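Colleague: Can you walk me through this model? I'd like to start with terms, then salt bridges, then the sheet.

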Amino acid sequence: MKKIPKNIALLGFLLIGSLVSAQNTNEIPPVKKSDDKALIVKTDHQELEAKKKAAEEKAKLPKPYDPKANAENDIEKLISRAKKENKNIMIQAGGNWCIWCLRFNQYVQTTPELKKLVDENYLYYHLNYSPENKNEKVFGKYGNPGDEFGYPVFIVLDGNGKMIHVQKSDVLEEGKGYSFEKVKEFFDTWTTKS
């Protein structure tokens, strides 16, 4: 019988030992799974809390959109007035279901400099988009910008009713609200005096 050198025997022993050890590690449950569940529960709790706060905020904000309004007639009347008053028309499209729409409305209404800028330069209209009334005909006139940009979306018309600009709103946001400088610049840019 041939004698196996010690280093080869040792190597064989280590290989067999590591194979046995590898098989045994499959039986040990991973510790991370319990952490994963805790993380999921924490995330679900945070998400529910955030939704609850958003619902509370939404309930307190004014609801400027009227699903029953005849938007086509309303906008035609605004076009007649806009010519006489030398103003443009600012259409804020969205709905009372949209917290960002409600936040924008509240922000403009409660920020004196912005409210003054809007009142002096625009006839403002809240164009409803909701399950009760999607105003498809009116939105179709303006290329359905909500489909592309989401809500709110702003449609600026000149005094003749011609669409001169569409503005998505996310570029006006800052944190959980809106940037004063960006909103002011947007309103300043599309006045008849610009």
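Modeller: Terms, then. Buried means under 20% relative accessible area, exposed means over 50%, and partly exposed is in between (1.4 Å probe, protein chains only). The model is predicted, so local features need pLDDT of at least 70 and side-chain atom pairs pLDDT 80 or more, while totals for chains, interfaces and linings use all residues. Residues are numbered from 1 along each chain as its sequence is written, and side-chain values use heavy atoms, without hydrogens or water.

Colleague: How many salt bridges are there?

Modeller: Ten. The rule is a side-chain nitrogen of Lys or Arg within 4 Å of a carboxyl oxygen of Asp or Glu.

Colleague: Which residue does Lys-141 meet in a salt bridge?

Modeller: Glu-76, at 3.7 Å from N to O. Lys-141 is in helix H6 (residues 136–141) and Glu-76 is in helix H3 (residues 71–85), so this pair ties together parts 65 residues apart in sequence. Helices (H or I, at least four residues) and strands (E, at least two) are DSSP runs, numbered from the N terminus.

Colleague: What's the relative accessibility of Lys-141?

Modeller: 47%, so Lys-141 counts as partly exposed. Glu-76 has 39% and is partly exposed too.

Colleague: And Lys-51 with Glu-47, how far apart are they in helix H2?

Modeller: Four residues, in H2 (residues 32–60), which means a separation of about one helical turn. Lys-51 is exposed at 52%. Glu-47 is partly exposed at 42%.

Colleague: What does Lys-115 pair with?

Modeller: Asp-119, in a salt bridge of 3.1 Å, N to O. Lys-115 and Asp-119 lie four residues apart in helix H5 (residues 112–121), about one turn. Lys-115 is partly exposed at 29%, and Asp-119 is partly exposed at 40%.

Colleague: Which residues are linked in a network?

Modeller: Arg-81, Glu-85 and Lys-87, through salt bridges.

Colleague: Switching topic. What order do the four strands of the open sheet take?

Modeller: S2-S1-S3-S4, with mixed pairing. Strands S2 (122–128) and S4 (163–168) are the edges; each has a single partner strand, so one side of each has no neighbour in the sheet. The twist averages 20 degrees from one strand to the next. Two strands pair if DSSP finds at least two bridges between them.

Colleague: In which sense do S1 and S3 pair?

Modeller: Antiparallel, over five bridges, between S1 (residues 88–94) and S3 (residues 153–157). Met-90 has Val-156 in S3 as its bridge partner.

Colleague: Which strands does H3 lie across?

Modeller: S1, S2 and S3, at about 170 degrees to S2. H5 lies across S1 and S2, at about 100 degrees to S2. Axes are lines fitted to C-alpha atoms, for helices over the stretch in contact (heavy atoms within 4.5 Å). Angles run from 0 to 180 degrees between N-to-C directions.

Colleague: Whole chain now. How many helices and strands?

Modeller: Eight helices and six strands. From the N terminus they run α-α-α-β-α-α-β-α-α-β-β-β-β-α.

Colleague: What share of the residues is buried?

Modeller: 34% of the 194 residues. Among contacts between residues at least 6 apart in sequence, 71% join residues at least 24 apart.

Colleague: And what does the accessible surface come to?

Modeller: About 12900 Å², 56% of it from carbon and sulfur atoms. The method is Shrake-Rupley with a 1.4 Å probe; for residues, only the protein chains shown count as cover.
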